[in-house]
Amino acid sequence: MDKGQELIILAQRVRALSQTALCYSKNDYEIDRCHELIAIGDSITSIVSGIGTDEIAACYLPVKEYITPKVDVRSVVFNESGEVLLVRERVDGRWSLPGGWADVGYSPKEVAVKETKEETGLDVRAVRLLAVMDKRCHNHPASPFYIYKLFILCEPTGGELAKAFDILDNGFFALDELPPLSSDRILPEQILLMDKLRRDPQAPAYFD
């Protein structure tokens, strides 16, 4: 990847983070700063690409944008005893695989590694894709978003379990002793399927 492409990816990330921040901004100062950051990101993209800032900004307007599914990336980590790594979500007090929304500027593998570190303190290596699931095809609660779920097998390489600001707890659990799961994020049968797939290195990735 050349320097120009790297700059554009960074500019896209600045825009994405700023747009997300607008959803939570509470005062005019925060809102103005978010819009300023969006303009800076578009200016960087314009300088590198030669495309006008107005044309770049138009790509992000709802009336111009082609709506696509949101992408949820989950890290699947087992220890030597065959226990699965879970995190307790602050939002509902229930448990899920480490992970979350895909971030602009990160590959799916990088998201899995980053989220695992942030939510558990463990360093992991992404090994292979286990599954891509259309959330609507599974028994999850209704969601306002249309979501694809990516499950990536990861191996621990270091670190120690530690608390995170948005995670109440974390730990490894035996498959026959799973805690109450956050059904919006993960289902028991999905965890069992991930275990089956990871035990067979030749198994193709599950998708629906």
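The legends below describe close-up views of a predicted model. Residues are numbered from 1 along each chain as its sequence is written, and side-chain values use heavy atoms, without hydrogens or water. Local features need pLDDT of at least 70 and side-chain atom pairs pLDDT 80 or more, whereas totals for chains, interfaces and linings use all residues.

**View 1. Cysteines without a disulfide.** With a disulfide taken as a pair of cysteine sulfur atoms within 2.5 Å, the model has zero disulfides. The closest cysteine sulfur to that of Cys34 belongs to Cys23 and lies 9.3 Å away, too far for a bond. For Cys59, the nearest cysteine sulfur is also that of Cys23, at 19 Å. Cys34 is buried, with a relative accessible area of 8% (buried: under 20%, with a 1.4 Å probe and protein chains only).

**View 2. The largest nonpolar core.** A nonpolar core is a set of buried Ala, Val, Leu, Ile, Met, Phe, Trp, Tyr and Cys residues joined through side-chain atoms within 4.5 Å. The largest has 18 residues, and Val76, Leu86, Leu97, Phe151 and Met194 have the most contacts inside it. Strands S2 (84-89), S5 (122-134) and S6 (147-159) and helix H5 (188-198) each give two or more residues to this core (DSSP runs numbered from the N terminus: helices H or I, at least four residues; strands E, at least two). Another core, of eleven residues, lies apart from it and includes Val73, Leu85, Val111 and Ala112.

**View 3. The buried side of helix H5.** Gln190, Ile191, Met194, Asp195 and Leu197 are the buried residues of H5. They lie on the same side of the helix because they cover an arc of only 165° around the axis, taken from the directions from the helix axis to the C-beta atoms. These residues pack against strands S1 (70-77), S2, S5, S6 and S8 (206-207), by contact between heavy atoms within 4.5 Å.

Definitions and conventions
Buried < 20%, exposed > 50% of the residue type's maximum accessible area, 1.4 Å probe, protein only.
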